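This briefing is for a reader who has not seen this structure before.

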Amino acid sequence: MDKIDLGKGGEPRQQTEDRDETMTSAQGAPMADDQNSLKAGPRGPVLLEDHMMREKIFHFDHERIPERVVHARGYGVHGHFELTEAIPELSCADIFQRVGEKTPTFTRFSTVAGNKGSPDVARDVRGFATKFYTQEGNWDLVGNNIPVFFIQDAIKFPDLVHSVKAAPDRGFPQAQSAHDNFWDFISLSPEAVHMTLWTMSDRAIPRSFRFMEGFGVHTFRLVNAKGKSHYVKFHWKPRQGLQSVVWNEALKINGADPDFHRRDMWDAIDAGDYPRWDLGIQVFDDDFADQFEFDILDATKLIPEEQVPVRIIGTLTLDANVDNFFAETEQVAFCTQNIVRGIDQTNDPLLQGRNFSYLDTQIKRLGGPNFTHIPINAPKCPVRHFQQDGHMAMHNPKGRVNYEPNSWGAEGGPRENPKLGFESYPAEVEGVKQRVRSETFADHYSQARQFWISQTETEQRHIANGYTFELSKCQEERIRLRMLSHLMNVHDDLAAMVAKGLGVSDMPDPATPARAPITDLPPSDALSILKNGPDSFAGRKLGLYVSDGADAALVAALEDSFEKEGAMVAIVAPHIQGAKLSDGSMKAADEKIDGAPSVVFDAVALVFSQEEGKTLAADKPSQDFLSDAFAHAKFIAWTDAAKPLMKQVGVADKIDGGMIEIDKGNVDAFVTTCRKLRFWERETM
Ligand code: HDE
């Protein structure tokens, strides 16, 4: 049993059993009644004297902190990083020295534009920020799921963000870029065109956080113990493979389950299916930087993996959900300036601006300079310095010495350590002070074209549809045409597809490039999702729709095979109580059909009895379940009893390679079929 330490002048007093469970005020005073305020008579006015009520309501009034100005909606999880290849020749960072060593981490995934309560599957960039609690201090890799950015100079960030977020007069649109202000800004900022190829692609509507890549975006430095520097780009490669949803599906998921991504992460970790990413580095030197077609300091460009291969040096495993969303996910404060010895900054003007912004915004958001005392932000290595006081100071050193140099010997506190301490790489700097954009940042289209030609036809179609959808939400023709004039510089096919989608027959003149000619670069497979999809159904979810009287052996075989594959199976039934199967057993349902549209599953199976099959054919949610699964190119397993429903939604005479008639004998074949992402051929049939 805990003792209450009364501190100086008091003997610790034994707690009583009663006291252990007793609710108290914030001052520790036991509460007798938390249901009624203090009144003058049963029907009289509430007394100002009621300190219990006032304290409780005062605290509630102050429960909220400002949401992040961008990346407000996020989801954090704990994990660890394990080094698989030491790189002392490249970096003296402690985390990169000992193979097999595990470093604790906290990762927060996020959307960018939407408010804290916005839906998860908005078309947007995803943040992928990881705090490594290394033995030599916290290192934050604050990345995105897209390797390039919209702008080249941090001074444009407030404009970019204002343009994408709700318009200041009307306070909408929320969590989307499909509107005039965004495309007005983009079409006036050609440097952003490359990034929009990515955001119009399915990368911006990931199936879940587990199936997306992460990128540090900027070029950083690795510095070894001898002070030698190499440039580096950081990559996260998901062991789960890459996977996205389709746009019509995303729109419906947002209605069916606005928490789709966070629920997916929570469920996977809760079930022990821990997602993993390999940490890759692209390392290069000044010689490469000098001969590379683009400026390595320009964050609107990437370095193709064919030019500098990604070397895997470790693995991130996310293995624990948070205990308290506010304390951990909301209060975590990432910052690009949190780097450790062996890792350093470069002159990328976007990165330099970020280094100012993150610390600045944390002070406002978390209320003062002591947010490093909050457990989620506190380093797990010793922290010793002379910073003191301020709001909510939690670490208050004892003793009289709070400055240095000092001559107090051992009681004089911490000292600098030139052997261990952080040293900035002594890069040479010279130049005339001027407000300019480097000429070397001027090619805005070549890598956009490279991205386009690296996609499969299916992906190209989705990108063109993405632009068409978004630009169709722009009411100003001048904005639609201006954007089209940029797409003409990217690729004729893309421009033609979007023009057709918009109904534009009179093409505008192509935009005048800041630098010509636009170069034809070779395709890069790493840029495609479909060329890097998973090779199993593991981690994905089958929606197994069963009715009363459904073949119990078939239901069991499906559950068994999908679980062996490492997949999840959700039982959907007409009633939440479940379905009585052919053998008389009761199969409990995870979801009632109305609450589990097929958009929340990766593949579906329809296992009905003949009689129920006829009834369900007339049921609207059942019709939507099948017709959406079909429209979203999903794999569908069906039995003869599902025929009336198939006829009803008009797919009975469209049976294709993605629709498998199943019985107990070919369940494994259905699993194998589902390993592919979708039956994409259906989209063009
Ligand atoms: Fe951020 N960004 N950003 N950003 N960013 C923030 O910091 C900013 C940029 C990214 O889960 C803010 O604590 C500027 C690129 C992530 O808590 C803010 C510029 C990349 C997160 C900020 C950029 C990112 C943020 C808002 C242009 C990918 C969420 C709240 C120079 C490499 C971290 C906060 C989390 C958050 C500023 C551009 C990633 C305002 C000025 C490029 C993942 O400080």
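**Strand β13**

- In β13, the residues Lys 541, Gly 543 and Tyr 545 point one way, while Leu 542, Leu 544 and Val 546 point the other way, and all are buried.
- A residue is called buried if 20 or more other C-beta atoms lie within 10 Å of its own, exposed if 12 or fewer do, and partly exposed in between, with C-beta atoms placed from the backbone.
- Strands such as this are DSSP runs of E with at least two residues, helices are runs of H or I with at least four, and both are numbered from the N terminus.
- In a regular strand, side chains alternate between the two faces of the sheet.
- β13 is largely enclosed by the rest of the structure, because 6 of its 6 residues are buried.

**The model**

- The model is predicted: local features need pLDDT of at least 70, side-chain atom pairs count only at pLDDT 80 or more, and totals for chains, interfaces and linings use all residues.
- Residue numbers run from 1 along each chain as its sequence is written.

**Neighbours of β13**

- β13 pairs with strand β14 (residues 568-573) in the parallel sense, over 5 bridges; two strands pair if DSSP finds at least two bridges between them.
- The bridge partner of Tyr 545 in β14 is Val 572.
- Between β13 and β14 the chain passes through helix α15 (residues 552-564), and this β-α-β crossover is right-handed, that is, with the strands pointing away from the viewer, the path from the first strand over the helix to the second runs clockwise.
- β13 also pairs with strand β18 (residues 603-607), in the parallel sense and over 5 bridges.
- In β18, Leu 606 stands opposite Tyr 545.

**Around the ligand**

- The ligand is surrounded by 25 residues, and the closest are Arg 68, His 71, Gly 127, Ala 154 and Val 217; a residue is near a molecule if its C-beta atom, placed from the backbone, lies within 6 Å of it.
- Two or more residues of this shell come from each of β4 (102-111), β5 (126-134), β6 (137-144) and α10 (349-366).
- α10 gives the largest share, 7 residues.
- The shell has 12 nonpolar, 10 polar and 3 charged residues; Ala, Val, Leu, Ile, Met, Phe, Trp, Tyr, Cys and Pro count as nonpolar, Asp, Glu, Lys and Arg as charged, and the others, Gly among them, as polar.

**Two domains**

- The protein is divided into domain 1 (74-154 + 207-373) and domain 2 (537-684), with bounds from an automatic or database domain assignment.
- Their C-alpha centres lie 37 Å apart.
- 13 residues of domain 1 are in contact with 8 residues of domain 2, where contact means C-beta atoms, placed from the backbone, within 7 Å.
- On the side of domain 1 that touches domain 2, α6 (247-256) and α7 (260-270) give two or more residues, and α6 gives the most, with 5 residues.
- The residues on that side divide into 5 nonpolar, 3 polar and 5 charged.

**Backbone details**

- His 71 has a phi near 60 degrees, a positive value in a residue other than glycine.
- His 71 lies in the loop between α2 (51-61) and β3 (74-83) and is buried, with 23 other C-beta atoms within 10 Å.
- Asp 389 is not a glycine either, and its phi is positive, about 60 degrees.
- Asp 389 is in the loop between α10 and α11 (446-453) and is exposed, with 10 other C-beta atoms within 10 Å.
- The peptide bond from Phe 172 to Pro 173 is cis, with omega near 0 degrees.

How values were computed: Contact = placed C-beta atoms within 7 Å.
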